[in-house]
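Please look over the structure shown below before reading on. The report then takes up its helices, its cores, its pocket and several of its loop positions.

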Amino acid sequence: MKVYNVLFLCTGNSARSILAESYLNSAGRGRFRAFSAGSHPSGKVNPFALELLAGHGIDTVGARSKSWDDFAKPDSPRFDFIFTVCDNAAGEACPVWPGKPVTAHWGVEDPAAATGTDEEKRRAFVQAFDELSARIKLLLALPLDKLQPDVVKRKLADIGRRR
């Protein structure tokens, strides 16, 4: 069975990309190996992201904010798929990724930018997690080994347009 390597990109790599990485590693059941990174990493994972993931029983050991440059090295994993989960990262010039991974934009509102009470911030994280996990479930349902690359790219773009 092929294991697909997936990279989720965002600017700060503190919330959305961490949520997506952790959820896919949990739900992917060994078919997927997910990573996350940021163009300008914040250096820390948002505590609301860690709290939400723990509440869903998702392992966060090793979760950390890291630069996408960490994955542009010769010994880095070769990615099958790269998803930008924030609009800023989608518009930035990315490193050149070896292996020509399929890319798609899966923009989600930044829960780390939420203001208000802690409960209001938690709701923003739940909303982002719900959007990302719904998209990831659609990814998991795709018969990737039976689809042509152009069809996969189109289906992943379609998933990114869902709300």
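Predicted model: local features only at pLDDT ≥ 70, side-chain atom pairs only at ≥ 80, totals over all residues.

Helix α1, covering residues 16-27, consists of twelve residues, and the distance from its first C-alpha to its last is 16 Å, close to the 16 Å expected at 1.5 Å a residue. Ten of these twelve residues are buried, so α1 is largely enclosed by the rest of the structure. Among the buried residues are the nonpolar Ile-18, Leu-19, Ala-20, Leu-24 and Ala-27, but Arg-16, Ser-17, Glu-21, Ser-22 and Tyr-23 are buried as well. The elements against which the buried residues of α1 pack are strands β1 (4-10) and β2 (32-38) and helices α2 (47-55) and α4 (118-141).

Helix α4 has 24 residues, which at 1.5 Å a residue should span 34 Å, and the 34 Å between its end C-alpha atoms agrees with that. Its buried residues include Phe-125, Phe-129, Leu-132, Ile-136, Leu-139 and Leu-140, and the buried set also takes in Glu-131, Ser-133 and Arg-135. The cover over the buried residues of α4 includes β1, α1, β2, α2, β3 and α5.

In soluble globular proteins, nonpolar side chains tend to be buried together. In this model the largest nonpolar core has 39 residues, and Phe-8, Phe-81, Trp-106 and Leu-156 are those with the most contacts inside it. At least two residues of this core come from each of β1, α1, β2, α2, β3 (81-84), β4 (102-105), α4 and α5 (149-160). The largest share, seven residues, is supplied by α4. A second, separate core has nine residues, including Leu-9, Ala-37, Ile-82 and Trp-97.

Phe-81 deserves a separate description. Once its neighbours within four places in sequence are set aside, Phe-81 is in contact with Tyr-4, Asn-5, Val-6, Leu-7, Phe-32, Pro-101, Val-102, Leu-144, Val-152 and Leu-156.

**The largest pocket**

Which residues line the largest pocket? The lining consists of Lys-2, Tyr-4, Asp-80, Phe-81, Val-102, Leu-144, Leu-147, Pro-149 and Val-152, and the space in this pocket is about 160 Å³. Of the lining residues, seven are nonpolar, two are charged and none is polar.

**Loop positions**

| Residue | Relative accessible area | Class |
|---|---|---|
| Asn-13 | 0% | buried |
| Ser-14 | 15% | buried |
| Arg-29 | 73% | exposed |
| Asn-46 | 15% | buried |
| Pro-77 | 22% | partly exposed |
| Leu-142 | 12% | buried |

Asn-13 lies in the loop between β1 and α1 and, although it is not a glycine, has a positive phi of about 50°. Ser-14 is found in the loop between β1 and α1. Leaving out residues up to four places away in sequence, Ser-14 touches Ser-42, Lys-44, Val-45, Asn-46, Ala-49 and Ala-112. Asn-46, from the loop between β2 and α2, is in contact with Ser-14, Ala-112 and Phe-125 when its neighbours within four places in sequence are left aside.

Arg-29 follows α1 and sits in the loop between α1 and β2; its phi is positive, about 45°, although Arg-29 is not a glycine. At 73% relative accessibility, Arg-29 counts as exposed because the cut-off for that class is over 50%.

Pro-77 belongs to the loop between α2 and β3, and its C-alpha is separated by 10 Å from that of Ala-34, 43 residues apart along the chain. Not counting residues up to four places away in sequence, Pro-77 touches Asn-5, Arg-33, Phe-35 and Phe-71.

Leu-142 is located in the loop between α4 and α5. Beyond its neighbours within four places in sequence, Leu-142 is in contact with Arg-31, Leu-147, Lys-155, Leu-156 and Ile-159. The C-alpha atoms of Leu-142 and Lys-155 are 8.6 Å apart, with the two residues 13 residues apart along the chain.

Conventions. Residues numbered from 1 in each chain as written. Heavy atoms only, no water. Helix = DSSP H or I, 4+ residues; strand = E, 2+ residues; numbered from the N terminus. Expected span 1.5 Å × (residues − 1). Buried < 20%, exposed > 50% of the residue type's maximum accessible area, 1.4 Å probe, protein only. Contact = heavy atoms within 4.5 Å. 1 Å grid on protein atoms, 1.4 Å probe; cavity = no way out; pocket = protein on both sides within 12 Å on 5 of 7 lines; lining within 4 Å. Points joined across faces, edges and corners; volume = space filled by probe spheres on them. Core = buried A, V, L, I, M, F, W, Y, C linked by side-chain atoms within 4.5 Å.
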